[in-house]
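User: I am new to this structure and would like to go through it step by step. Please show it first.

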Amino acid sequence: MHFCPSLLCLAGQLTVGTCEIVMLNRDSSVPRRTIARQTARCACRRGQIAGTTRARPACVDARIVRSRQWCEMAPCLEGEICSLLFNRSGWTCTRGSGRIKTVTVR
């Protein structure tokens, strides 16, 4: 996975196969819970679309997004287990310590 070098991003051009985070909002108003919303911009190759790999924006196979088989794009960090939400609206990443991250797709 490659991320846009800062000089290229400043010029507004992304290298093919790269992504950059353009907006990140965090809300920690609820104890023990953080809601994060992130928007990324990607320059993907043909047959790819913006997705998530190892908790970072990345270009992934468009088939994964169309079929809503989110765990196929390996969205969780090393050591976390990915599970689809029951309605396939997103996924959860679970660690052995019981910490759970839930991601929903808009």
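User: What does the accessible surface come to, and how much of it belongs to carbon and sulfur atoms?
Analyst: The accessible surface of the protein is about 7,500 Å², and carbon and sulfur atoms hold 52% of that. Such areas come from the Shrake-Rupley method with a 1.4 Å probe; for residues, only the protein chains shown count as cover. Please note that this is a predicted model: local features need pLDDT of at least 70, side-chain atom pairs count only at pLDDT 80 or more, and totals for chains, interfaces and linings use all residues. Residues are numbered from 1 along each chain as its sequence is written, and side-chain values use heavy atoms, with hydrogens and water left out.

User: What share of the residues is buried?
Analyst: Of the 106 residues, 25% count as buried. Buried means under 20% relative accessible area, exposed over 50%, and partly exposed in between (1.4 Å probe, protein chains only).

User: How many helices and strands are there?
Analyst: The protein has two helices and eight strands, in the order β-α-β-β-β-β-α-β-β-β along the sequence. Helices (H or I, at least four residues) and strands (E, at least two) are DSSP runs, numbered from the N terminus.

User: Which residues make up the largest nonpolar core?
Analyst: Seven residues form that core: Val60, Ile64, Trp70, Met73, Cys76, Trp91 and Cys93. A nonpolar core is a set of buried Ala, Val, Leu, Ile, Met, Phe, Trp, Tyr and Cys residues joined through side-chain atoms within 4.5 Å.

User: What is Met73 in contact with?
Analyst: Apart from neighbours within four places in sequence, Met73 is in contact (heavy atoms within 4.5 Å) with Gly51, Thr52, Thr53, Val60, Ile64 and Trp91.

User: Changing topic, how many salt bridges does the structure hold?
Analyst: There are five, a salt bridge being a side-chain nitrogen of Lys or Arg within 4 Å of a carboxyl oxygen of Asp or Glu. One of them pairs Arg41 with Glu20 at 2.5 Å, N to O. This pair links distant parts of the chain, with Arg41 in strand β3 (residues 35-43) and Glu20 in strand β2 (residues 18-27), 21 residues apart.

User: Is Glu20 buried or exposed?
Analyst: Glu20 is buried, at 15% relative accessibility, whereas Arg41 is partly exposed at 32%.

User: Which residue forms a salt bridge with Glu80?
Analyst: Lys101 does, with the closest N and O atoms 3.3 Å apart. Glu80 lies in the loop between α2 (62-67) and β6 (81-84), and Lys101 in strand β8 (residues 100-104). Salt bridges that share partners join Glu80, Arg95 and Lys101 into one network.
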